[in-house]
Amino acid sequence: MAGFTDGSLDLTESQRLVRKSVRGICSAFDDEYWRERARAGEYPHEFVDTLADEGLMGALVPQEYGGAGMDTRETVVMMEEIAASGGGFAAAQAVHGGIYNSVPLVKYGSESMKEDLLPRVARGEASIQAFCLTEPNAGSDSTSIETSAERDGDGWVVNGQKIWISRVDVSDYAVLVARTTPKSEVEKATRGISMFLVDLDEAIGSGLELDPIEKSVSEFVHSFQLYFDDLRLPADALIGEEGEGFYQVLEGLNEERLVIAAECLGLGRLAIERGVDYANDREVFGRAIGSNQAIQHPLAEAFARLQAARQLTYAGADASADGRDADLGAYANMAKFLASDAAFEAADAAVQTHGGFGVAVEYDVERYFREARLTRLVPITQQLALNYVGEKVLGLPRSY
Ligand SMILES: Cc1cc2nc3c(=O)[nH]c(=O)nc-3n(C[C@H](O)[C@H](O)[C@H](O)COP(=O)(O)OP(=O)(O)OC[C@H]3O[C@@H](n4cnc5c(N)ncnc54)[C@H](O)[C@@H]3O)c2cc1C
């Protein structure tokens with residue numbers, strides 16, 4: 001039925017335009033393109049360059065700096081469509097950072113930083129693909145980060161280690177979150193953290209070293225360990241206010257979770273589509289396997305769960321666009337939780353529908369399944385999303 005299956009249900013006119021345009025752009029990249037990138041473990045440069053040429057990397061850059069100035073209502077559609085186009089969650093992740101990391105600059109960057117960088121991001125000439133927060137001893141517990149940035153003359157010196165930092169190899173700039181006051185010296189752990197803009201061309205080899213992490217999912221989006229050893233940053237690398245970086249990160253977090261939920265919806269839709277096609281085509285015992293309810297029901301159930309998650313995601317986008325921040329947090333965390341699980345169920349049903357071919361690379365559903373599993377871990381785990389709902393929505397005591 002049109003609308004439910006193709007993601008066009010209840011869209012506004014501007015959302016329809018975004019959907020049509022993103023779908024058109026992505027249609028140039030077929031399944032074989034993504035299969036080949038995954039096989040070779042190569043970043044999809046052609047895809048990302050095409051999106052950049054079309055101005056999509058500047059989607060969240062305000063129009064006054066040459067960007068598209070999209071609001072969250074349009075952004076969720078864009079990211080859902082990118083994932084649904086065939087590239088899956090990994091394709092969305094290939095561009096997610098580049099699109100999202102301009103937000104801290106837009107909100108907190110100095111005017112000269114914005115004037116220098118944002119128009120270049122909007123034109124696709126510079127990218128801020130990397131966001132460096134996680135550390136070996138600080139994942140979910142991000143106020144425990146130990147990487148330090150100390151004032152030194154007229155600049156900063158950075159020391160420490162980060163882990164799981166994605167796309168550093170394909171980015172011109174990174175947003176770095178570091179402690180400018182040790183945790184032991186602040187009255188609240190959330191204070192004393194600051195945000196910096198790092199010019200990666202200048203930093204790598206001059207105080208910053210990278211070590212790739214071998215992983216089993218999102219083969220074409222690489223993640224790294226980062227080692228900072230007396231990396232010098234200029235004074236104007238600071239984004240926003242010294243010591244307030246954690247609050248600056250928090251402010252963008254819920255909106256980003258909502259967009260991740262949209263990427264899960266796209267992945268889930270893709271998996272259902274492939275499952276349904278195969279269930280209609282494949283004949284066993286003389287009839288299409290899709291006529292068996294043991295095949296039909298898991299696909300139908302996952303589809304229903306995706307639609308429910310979609311309602312929350314799109315309601316959250318409305319809350320964001322209307323500036324209802326408390327509602328946005330509740331919607332974003334519930335949507336992320338439900339959309340990840342629904343995408344996982346959809347991908348699992350698609351694999352089961354394919355029988356043995358479910359693990360054959362040429363049918364793609366095994367890749368969707370691995371990616372759906374990943375969405376339960378990043379950018380926050382399902383448990384941390386539930387912690388938010390338990391504490392902030394239900395008013396239960398904090399567990400940590
Ligand atoms: C492919 C990939 C790409 C990534 N890219 C980036 C990136 O670009 N930049 C970046 O900064 N980070 C990145 N990350 C890191 C990611 O954000 C973290 O892995 C994630 O936040 C979880 O942290 P952790 O792995 O340290 O798990 P931990 O914090 O060690 O948690 C381990 C487990 O314990 C559970 N747990 C912990 N505390 C609680 C609690 N209080 N209540 C209930 N459960 C709890 C967690 O939910 C989880 O299941 C990436 C990770 C991956 C896998």
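This is a predicted model: local features need pLDDT of at least 70, side-chain atom pairs count only at pLDDT 80 or more; totals for chains, interfaces and linings use all residues.
Local features are given only at pLDDT of at least 70 and side-chain atom pairs only at pLDDT 80 or more, while totals for chains, interfaces and linings use all residues. Residues are numbered from 1 along each chain as its sequence is written, and side-chain values rest on heavy atoms, with hydrogens and water left out.

**Domains and their interface**

The chain is assigned domain 1 (13–108), domain 2 (130–243) and domain 3 (246–393); such bounds come from an automatic or database domain assignment. The centres of domain 2 and domain 3, taken over C-alpha atoms, lie 30 Å apart. In the contact between these two domains, 18 residues of domain 2 meet nine residues of domain 3, where contact means heavy atoms within 4.5 Å.

The size of an interface is often given as the accessible area lost when the parts come together. For domain 2 and domain 3 the buried area is about 1,200 Å², with 59% of it on carbon and sulfur atoms; this is the accessible area (1.4 Å probe) that two parts lose on being put together, summed over both.

One salt bridge is counted between domain 2 and domain 3. The side chains of E219 and R370 form a salt bridge with an N to O distance of 2.8 Å; the term requires a side-chain nitrogen of Lys or Arg within 4 Å of a carboxyl oxygen of Asp or Glu. On the side of domain 2 that touches domain 3 there are seven nonpolar, seven polar and four charged residues. In this classification Ala, Val, Leu, Ile, Met, Phe, Trp, Tyr, Cys and Pro are nonpolar, Asp, Glu, Lys and Arg are charged, and the others, Gly among them, are polar.

**Backbone geometry**

Most residues other than glycine have a negative phi, and most peptide bonds are trans.

| Residue | Phi | Relative accessible area |
|---|---|---|
| S218 | near 50 degrees | 5% |
| D230 | about 55 degrees | 47% |

Buried means under 20% relative accessible area, exposed over 50%, and partly exposed in between (1.4 Å probe, protein chains only).

The peptide bond from V378 to P379 is cis, with omega near -10 degrees. P379 is located in the loop between α11 (365–375) and α12 (382–393). Helices (H or I, at least four residues) and strands (E, at least two) are DSSP runs numbered from the N terminus.
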